[in-house]
Structure formats: structure tokens, C-alpha cells
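Student: Could you take me through this structure, one step at a time?
Tutor: Gladly. Have a look at it, then ask away.

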Amino acid sequence: MEATSDGDRPWQSYHTVYTNAKAGMEGVDKEKVQKIIYELSKGSKYFENEKRKEAIIKQKIDNLRTHHAKLTEKEISHFQMIADNRILELEASRDLSKIWLHIDMDAFYAAVETLENPSLKGKPLAVGSMSMICTANYEARKYGVRAAMPGFIAQKLCPDLIFVPTNFEKYTYYSELTRNVFSKYDPDFIATSLDEAYLNITDSCSQRGIGCEEVAVELRNTIFQETGLTCSVGVAPNRMLAKVCSDINKPNGQFILPNDYNAVMTFISSLPIRKVGGIGKVTEQILRDVLGINTCADILQKGAVLYALFHQCSTDFFLSVGLGLGGTDTPQQKMRKSISNERTFSATNDESILFQKLADIAETLSKDMQKECLLGRTLTLKLKTASFEVRTRATSLQKFVNSKEDVLIYASKLLRAELPISARLMGLRMSHFHDDKHSPLDPMQKTLTSFLTIGDVAPIADKSTGFDTSDIQLMYNTKSDISVDDKSTFLSDVSSFSYESCDFLETNQLSVPDYVAVSYGNEAESLNECPKTQNKFESAEKISDVSNLFDRKRVASSSQILEPYWVDDYICSACGIEVPASFTEERREHLDYHLADMLQKEECRSLLQSFPHKESARKKRKLSGNQGKYIPIDSFFVKEDKSL
């Protein structure tokens, strides 16, 4: 007799990235795959880490349910008004004049390997190793094999699976061939990875007098002729919808969504929320379990509750999804703020191996920096332990550097301070480049006032949670049990959020809020955050009813916090700016700025310890009859004369 309880079938509640549907996996026996993954993962460090994350997510869901249940009719009515007004504002911004095309190469790495070795055609193939695979072809996906899956699990699912080692030089070569084709249709195309890109084909269609469907067919045929590889294409009025469309007829197909309001709303109404870029496993689970949201149409119906439970930045994104809105303008290029490199390997505590890995990463980082003519001054070391704990350590260098030798000297000091450690991932990131020295946000560009008014500050506890700042994921001394795969690509400036490829609620910390995430009054307005609608209660009584909502904001806006962290995983504790968790690069850059600022103050503080002695010497010079009434400017920059 078949078991029916979760206790008898524990794999049913074990959801990982490996069990989510992907192109080519629609007919897979999901329960069979789940059971195999569960049995092979059980007892591992990864399994324990997944269980910890699952417990945190469950806690967050329970808290949100509690807050949902406590909402009064008056509050829901208030938030409904806010949601309705915001929907009108978003609807007014709809642009149906642009034609965006998203192109996604089919099983790119595996397809390249098959092209180079035709004997692999028709056989289940995975690119990678027994430790981890990068991608799998469609023959392998029929068995449940997919990217980011350990090879030993993939082999259990498909015993005949053929493994091919990665060769990124080869993949980069073919990627360049495809990009040469893209540039003929849109010189400013947006490449989000080696095998994906967004093209604005509005001008191409207009100038040539042909429809978007013809352009899509022509583009796919041209890529096949130039590379021998197939791709799938989606065409829509904006990038968000174009990405969704490109996944509909994979592999080697296309889907066209007309630039028509009714067509867009019909398409989006029955679209599962998980199909939208930016809504991942965690967000889907929260929206489904708390509010019963499964489709994009459900989002618009629950707009009031979304505003009550989530912050406006997140809710604006959800409502945009419900309306089928996405980016339509080509993002402006911006100056690079950081550059990084990391490696994943089998967990080891062998110091010689760890330092060799560090040397290899430093060499790669140095080459990348030299290729772009960059000199950096803030170096960050990232470590993921065997138990999946993530640590980051950073230091401010004495000079701008880009050589392997200089990078390795400082990186080795950071690593040595963490020993002994058993690590499975290591990375280095350099930021605050020499080219940024004229930027108003450059932490090294100090004013005389700020130099002379440095005070000692100390970390404070977050009163709303009971945790000290040292217990939360800190930028300078970070320890987190939860990591997140960075699947997002920066497409726009932080101030004009681009939502195509980010998950707002899949965080690397998933802190559980103990309040309704909305802001009221001047305190919230004083923060540098996303533009807000007027969501204030008009009466003092109503404001009093929700006064507890300010607790986290007070922590975020406090100037007394030494080491910044993300309050509720999106509000900077140092300055109050709000950056969603999925904007990984932007969050790194923002915390790097505060880090460099903090390190600079530490350097200045050390210098000030000897400042009184130098001041005394200058006073002696000033009182000396030989020096005259005024002090020469040179005296501020020469070494102290010991003879005085």
C-alpha cells in the first residue's frame, strides 16, 4: 500500500534547485527525482544547510501569516487605496512602442561539445565533473539531470550519462560568434551571459520594413549558419516578457507576443509567477503559502495585502509583474565599481592547497584588472566553509594595485587570519578603483573637516531583534549559514531597478521580520530610498497604531553603527538606502563603499594619535621669531624637526 504522509515520504517536502522544472524537463517524474536527490543528499553538509534554510523560510512564512491575520478592515482599505493608486501610476508608464527580443542558446555548453564531437549527438551529456555539472543536453534532462547538480547525483538519475570537462575558451569563442550576429540587429545589445542576450529590434524592424517575427526567424537562421548552434527566441514589448517568451518553445523555437494591451494582459493572466525572472523558489513559496498567489493575475487581486506585508520596492515589482510591465529602455553603461573571481572545489583544510587556490585566483583577478586597466584599493576575500557558512573579509590597501604579487600579499594575510578552516569555495573581489577618485562617493576623497572630526563609534544591538550587529551578516566580518547562487545580471542603475533577472525575496540571510514592512512619517522620508507613494495615515491615532513599524528603520538610519549590514536584508544599516537582496553586485559595491570609508577612518584615527605632537612642533615654529607670523604651507607636509 502506498504511503501518503510526509513522514513516510520525506522527499516530498525536500525542495532544492535541482527539482525545479526547466526547459526539456516537463515530462520528468518529479517525485522519482526528488526521492533520489533526497536519499543521496541525506546526512551531507549541503543537506543540513538546506534544512536550516528551509526552517528559516518556514519561520518567515509563519510570521507573515500572523501579520496577515492581524490586519484590520480599516488597514486593508487603506492599503487597497495605495495599491489602486500605484497600479494607475504603473499603468500610465506602460510603453508598447518598443520591440524587445530575448535570445537563449539551447544547452549552450553541451551543444558546443556536441558540435566539436558529433559522436556525442543523441546521447545524454553533461558538461562538468562528478562534483558539479554546468549544464546538460536535452537527452539528459529527460532523466531529471540539470545544471548546478552534483555529478554523482546526475549519474544516479542517468546511468548512461557522459561527462565532458568544461572548456571556457571554446565557449567564449562561440559566444563571440553569436554576439557578432547580435550586433547587426542591435549594436547596443545587452549580454547577460555567454549564451543569453536582449536585443532592441525596434529600429531594425522599422528601417527594414519587416515584422518582428521575420527578424526572429532570420536571426535564428543566421546564428545557425555562423555557428552551427540552435537558439530559442522570445519577442515582446519589454525585456521581462521577452525572457518569458523565449522559454516557451525551447529548444530551437520562438514565441511572439504582440505589442497589444489585450494580448499582454491575456498572456500574463494565467502565467505562473515562477516563470517570471525575479521570482525564484523562495519568493514563489512565500507568495503561495501566505497569500495563495500562483499566477500573475492573483498578484493584482492581492495588491493591498502585498503592500501591508512587504516593502514598497518589492510590492512595486510584484504589481509590475501582474501588469506585464518590464524594462523598455536600453540601460546606460556605468563605470565598473568592482571586479571579482572565485572558484569552487572539493572541501579541504590543507593549507598548501588553499594558498595555491588563492594564488590562482589572484593571478586570474590580476589579469582581468590589467586587461581593463584597473587599479584597486579595497580587497575582499570570500570563503565558503565545508558546512556552507559564508565569510567575507576585507582590507584597505596602502596603494592602488593590480599586480598578482600585490593582490596575493594582502589576500594571504586575510586568509591566514581565518586558519584553520575547511573551505569549499574561495573568491577575491577588488573595488574602489583609481578611476573612481573623482567620484563624489569615493571614500578616499576626504575633506579636511571629516579628517579632523573623526570620533570613536561602536556597534550597537538591533533592539527589534535582540541580535547584536556582530551576529548578523556583516560587511566587514561576515558569517552567514546561508548562501545564494548569484543568478542575476546587472542591467540598470540601482536607482532605476531592472527586474528581469533578480529574486527579491531569495536572500542570503532571509531574516524574519517581526513587523509589517511599510513606512510612515518623516523618519522614513529622511532615508535615501526608493520613491514612495503617500502611504501615511492622516490621523495621529492611526499613526500611533503602527508606531512599532519604525523599529527597524531607526536602526537603519542610526549613524552610530560601525559595521554596516542589511536590516531585513534590504535596508543598509549605515545610510538607510534600500537595495533588494538579488541586486548582488550593487549590494557589494554599496557595502564596499562603507567598508572603505570605515577603513579610511581607522587609518586617520591611527594617524591622529600622533597628531598632538606634530601640532606642538608647529606651535613652536609659529612662536619662533625666525618663522614670522604665518606658518609656511610646506611645514604641514614635512617631517617633524626633532631639533625643535
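Student: How many bridges join strand β1 to strand β6?
Tutor: This is a predicted model. In it, β1 covers residues 100–105 and β6 covers residues 196–200. The two strands run antiparallel. One of the pairings sets Asp 104 against its bridge partner Glu 196 in β6. The number of bridges joining β1 to β6 is five.

Student: Which are the edge strands of the sheet?
Tutor: The sheet is open and has five strands, with mixed pairing. Their order is β5-β6-β1-β7-β8. An edge strand here pairs on one side only. That gives β5 (190–193) and β8 (254–256).

Student: What does the twist average from one strand to the next?
Tutor: Stay with the sheet of five strands. Go from each strand to the next and take the average twist. The value is 15 degrees.

Student: At what angle does helix α7 run to β6?
Tutor: Helix α7 spans residues 168–185. It lies across β1, β5 and β6. Its angle to β6 is about 15 degrees.

Student: Is the crossing of α2 and α12 left-handed or right-handed?
Tutor: Helix α2 covers residues 45–70, and helix α12 covers residues 281–291. Their axes come within 10 Å and cross at roughly 35 degrees. The crossing is right-handed.

Student: How many charged residues are in the contact of α2 with α12?
Tutor: Residues of α2, including Glu 50, Lys 60 and Arg 65, meet residues of α12, including Lys 281 and Asp 289. The contact also has seven nonpolar and two polar residues. The charged residues number five.

Terms used
Residues are numbered from 1 along each chain as its sequence is written. This is a predicted model: local features need pLDDT of at least 70, side-chain atom pairs count only at pLDDT 80 or more; totals for chains, interfaces and linings use all residues. Side-chain values use heavy atoms; hydrogens and water are left out. Two strands pair if DSSP finds at least two bridges between them. Helices (H or I, at least four residues) and strands (E, at least two) are DSSP runs, numbered from the N terminus. Axes are lines fitted to C-alpha atoms, for helices over the stretch in contact, and angles run from 0 to 180 degrees between N-to-C directions. Contact means heavy atoms within 4.5 Å. A crossing is left-handed if the near helix is turned anticlockwise from the far one by less than a right angle, and right-handed if clockwise. Ala, Val, Leu, Ile, Met, Phe, Trp, Tyr, Cys and Pro count as nonpolar, Asp, Glu, Lys and Arg as charged, and the others, Gly among them, as polar.
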